[in-house]
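Subject: The structure I promised you

Hi,

Here is the structure I said I would send over. Have a look at it first, and then read my notes below.

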Amino acid sequence: MDNRVRVAFRCRPDDQNAWKTIFTGLFERNEMGMVFQDRMLEHFGEKVDARLEEVLEAWGADMMYLETWDQNGEFFSFEIPAVDDEEALMEDLHSVFVLCPVSELVVEYVPDGE
């Protein structure tokens, strides 16, 4: 597996099904772009949608190509391919997910082989 960026967080119990729907759509049906953005707007509001739109415009919808995702109760995590400027990508991902009702948010670089 190549270098990746990992995002992990704890969600509110009421949001578990929403996150599961979002990640299942991204991973199993490649629902990137507008479908992903619409789901985020529906569940997490206009601030998240506005920031997500900026990030998707900057990086392209393919930036949310999930290599893996996992759920353990209220904890979710996913990994996407890293890009040349992974620091900027991580900052942008953080800026979106920090607006969502999550806690224990971690956005980190995962080198090849780990």
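Before the surface numbers, one definition: accessible areas come from the Shrake-Rupley method with a 1.4 Å probe, and for residues only the protein chains shown count as cover. By that method the chain has an accessible surface of about 6,200 Å², and carbon and sulfur atoms own 44% of it.

A word on where this comes from: it is a predicted model, where local features need pLDDT of at least 70 and side-chain atom pairs count only at pLDDT 80 or more, while totals for chains, interfaces and linings use all residues. Residues are numbered from 1 along each chain as its sequence is written, and side-chain values use heavy atoms, with hydrogens and water left out.

**The whole chain**

You'll find four helices and four strands; these are DSSP runs, numbered from the N terminus, with helices being H or I of at least four residues and strands being E of at least two. Their order along the sequence is β-α-α-α-β-β-α-β.

How does the overall size work out? The radius of gyration is taken over C-alpha atoms, and the globule rule is 2.2 Å times the number of residues to the power 0.38. For 114 residues a compact globule would come out near 13 Å, and the chain agrees because its own value is 13 Å. Along the principal axes, the C-alpha atoms fill a box of roughly 35 × 30 × 25 Å.

Of the 114 residues, 40% count as buried (buried is under 20% relative accessible area, exposed is over 50%, and partly exposed is in between, with a 1.4 Å probe and protein chains only). For contacts, think heavy atoms within 4.5 Å. Among contacts with a separation of 6 or more, 68% join residues 24 or more positions apart.

On charge, Lys and Arg count as positive and Asp and Glu as negative, without His or the chain ends. Each charge is placed at NZ of Lys, CZ of Arg, CG of Asp or CD of Glu. There are 9 positive and 27 negative charges, and their mean positions are 8 Å apart.

**Two helices to look at**

The expected span of a helix is 1.5 Å times one less than its number of residues. Helix H1 (residues 16-29) has 14 residues and reaches 19 Å between its end C-alpha atoms, close to the expected 20 Å. Its buried residues include Trp-19, Ile-22 and Phe-23, and the buried set packs against E1, H2, E2, E3, H4 and E4. Just after H1, Asn-30 has a positive phi of about 50°.

Leu-89, Met-90 and Leu-93 are among its buried residues, and the buried residues of H4 pack against E1, H1, H2, H3, E3 and E4.

Is Ser-77 buried or exposed? Ser-77 sits in strand E3 and is buried, because its relative accessible area is 15%. Beyond residues up to four places away in sequence, Ser-77 touches Arg-6, Val-7, Ala-8, Thr-68, Trp-69 and Asp-70.

Pro-13, in the loop between E1 and H1, is exposed at 52%. Its C-alpha is 27 Å from that of Val-55, 42 residues away in sequence.

Glu-67 is in the loop between H3 and E2, and its 22% relative accessibility makes it partly exposed.

Cheers
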